[in-house]
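Here is a short report on one structure. Keep the sequence and the 3D view open while reading.

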Amino acid sequence: MDKHQLVIIGGGSAGIACALGASENGLTNILVVERDFEYGGILQQCIHNGFGLHTFNEELSGPAYAEKYFNLIKDNASIKFMFDSTVIKIEENNILTIQSTQGLIKVQADAVVMASGCRERPAGAIGIKGDRLQGVYSAGSAQKYCNKQGILVGKNVFILGSGDIGLIMARRMTLEGAKVIGVAEIMPYSNGLARNIKQCLEDFDIPLYLSHTVESVHGNGKLESITLIEVDDKLQKIEGSEQEIKCDLLLLSVGLIPENNLLEELGVKLDPRTKGAIVDDTYMSSIKGIFACGNALHVHDLVDYVSEESRKCGKAAANYVLGKINESESINNVLGNGVSYMVPQSFHKNNNIDFMFRVKKVFKECSIHVYGNGFDKKIKKLGIVPSEMQKVSLTADELKDLNGELNWEVIE
Amino acid sequence: MNLVCINCPRGCKLVVENINGEIKVTGNFCPRGEKYAISELTNPLRTLTTTLPIKSELYKRLPVISSAPLPKAKVIDAVKALKDVEATAPIKMGDIVVKDILGLGIDIVASKSIDK
């Protein structure tokens, strides 16, 4: 059985950056297992630009960002990629079963990083009435067909959900000659980036129906139309507001869920809010030697943040493998008013820490109040929304007098 | 007038005022916001990204990007002008696939390297 210091599951943006970080901190035997035939993961189908402003100080397409980042490790002899391969099981002592081009193989690792990204929430998860029809796709699947295969999966398109992939696909399909009839969003505000509302919808006069959802789909084998319905402020459907819209394609852009079956089977504790592992500030999960980063840990807005976090995770995993770990007891974050989740869930106070979190609703002028026994800080914000990840960085020096847990709340 | 800056995912909310013929921009985090607002009012520009078929052993499509933003009104025309273009591997990221599209002085370049 081959042995490695570190096995990284997934060779996308998270896996590449994690491998870089681990190598930077001294590991010499790193294996990245990737299910596709090339590195880059979902970046390879995100051909639009806007990636890399923080990392490379320029605006790149997804494939270009992946290539530029991969170039940082391309000639690094410490990092090996295994393509066309999927980890199907993690057992105790970090023994991994991999379905590879050589058949089923087992490898053993000193540490494992889950960098497998996330999946799109499927049609079945949101309860649209009607038959299972041809012509209902997740936005990411349609993106893959369009950008990698050159196949346009519909001509008259309706999009449910204003997530960024849906907005990007509205523009993409318009440029490819399809008619995008509209985008419905159940919330009274958009879940996508403001820039995407502007350049993907408004530029092409595509209407955005806020407080609307798709009630049902109709057709005989193939999608022929949908029923759009308005919802009230409690997200309850308003009877009588139904309208039928003819279309041959319904794209769903209704959220992403971290992919963590392997960790669940292993018994790693998951956060019910992020759907990713519960980690400390070294990105280590509840099981020693098992780490997580990127969209497998929590869904990010920007690939730049995925890279930044994953590089830190790689460094921390290397420290663990080399025996340089912080044995002090970790401190828990306690979430109060308005905070929906926080990563890391716990931390060691002798480190500088970036706390990444999301809020539950739209807040106008407000403060993030961070407090505990021996610590009190208010951070003013001009306006925050659930679709934008928030970051608060605290230094070891600031945190040195903290005694006990750290509380977080939004004050209006 | 209110605009959302599209330069980066930050999406700054810009307020644009015309004070005695001079355009004043506030709400921008970086200088690109001001540049964007002025351009948006005078000559709006958009970067074009799309894919082209490629003769390659491994890939069917090559992602491409415009070397600079195009006038917004020319984006659809540019896509139409690319309709019959096919790339050939090997190609390097940044290689020009179509030079001077629509005579705008802007090239369409590969945004991925494909070796074979």
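Helix 5 of chain A contributes 3 residues to the lining of the second largest pocket, the most of any element. This is a predicted model, not an experimental one.

## The second largest pocket

The second largest pocket holds about 1600 Å³ of space. Its lining counts 46 residues. Those nearest the centre are Gly383(A), Glu388(A), Arg10(B), Gly11(B) and Lys13(B).

The buried ones are Arg195(A), Asn196(A), Ile197(A), Lys198(A), Gln199(A), Cys200(A) and Leu201(A).

## The largest cavity

The search of the whole structure finds 2 cavities of 30 Å³ or more. The largest cavity holds about 70 Å³ of space.

Which residues line the largest cavity? They are Tyr283(A), His300(A), Tyr305(A), Glu308(A), Glu309(A), Lys312(A), Asp354(A), Met356(A) and Lys391(A). Helix 7 of chain A supplies the largest share of this lining, 4 residues. Helix 7 and strand 23 of chain A each give at least two residues.

## Aromatic contacts

Over all chains, the search finds 13 aromatic pairs. Two of them are set out below.

| Pair | Centre to centre | Angle between planes | Type |
|---|---|---|---|
| Phe291(A) and Tyr320(A) | 5.7 Å | 65° | edge-to-face |
| Phe357(A) and Trp408(A) | 5.7 Å | 50° | tilted |

The Phe291(A) and Tyr320(A) pair links distant parts of the chain, 29 residues apart. Phe291(A) belongs to strand 19 (residues 290–292) of chain A. Tyr320(A) belongs to helix 7 (residues 303–321) of chain A. Phe291(A) counts as buried because its relative accessibility is 1%, under the 20% cut-off.

Phe357(A) sits in strand 23 (residues 353–359) of chain A and Trp408(A) in strand 27 (residues 403–411) of chain A, so this pair ties together parts 51 residues apart in sequence. Phe357(A) and Trp408(A) are both buried.

Other rings belong to a cluster. Tyr39(A), Phe70(A), Phe81(A) and Phe83(A) make up one aromatic cluster. A charge also meets a ring in chain A: the charged end of Lys68(A) sits over the ring of Phe56(A), 5.3 Å from the ring centre.

## Cysteines

How many disulfides are there over all chains? The count is 0. Cys146(A) is in no disulfide, and the nearest cysteine sulfur, in Cys46(A), lies 12 Å away. Cys146(A) has a relative accessible area of 4%, so this residue is buried.

## Two loop residues

Gly41(A) lies in the loop between strand 2 (30–33) and strand 3 (49–51) of chain A. Gly41(A) counts as partly exposed because its relative accessibility is 24%, between the cut-offs of 20% and 50%. Thr55(A) is 14 residues from Gly41(A) along the chain, and their C-alpha atoms are 18 Å apart.

Ile126(A) is found in the loop between strand 9 (118–120) and strand 10 (136–138) of chain A. At 30% relative accessibility, Ile126(A) also counts as partly exposed. Ile126(A) and Leu252(A) are 126 residues apart along the chain, yet their C-alpha atoms are separated by 9.8 Å.

## Confidence

The predictor gives the complex an ipTM of 0.90 and a pTM of 0.93. Chain B has an average pLDDT of 92, and 99% of the residues score at least 70. Where pLDDT is low, predicted coordinates should not be read in detail.

Notes
Residues numbered from 1 in each chain as written. Chains lettered and ligands numbered in written order. Predicted model: local features only at pLDDT ≥ 70, side-chain atom pairs only at ≥ 80, totals over all residues. Heavy atoms only, no water. pLDDT = per-residue confidence, 0-100. Phe/Tyr/Trp six-rings, centres within 6.5 Å; stacked < 30°, edge-to-face > 60°. Buried < 20%, exposed > 50% of the residue type's maximum accessible area, 1.4 Å probe, protein only. Lys NZ or Arg CZ within 6 Å of the ring centre and 35° of its normal. Disulfide = S-S within 2.5 Å. 1 Å grid on protein atoms, 1.4 Å probe; cavity = no way out; pocket = protein on both sides within 12 Å on 5 of 7 lines; lining within 4 Å. Points joined across faces, edges and corners; volume = space filled by probe spheres on them.
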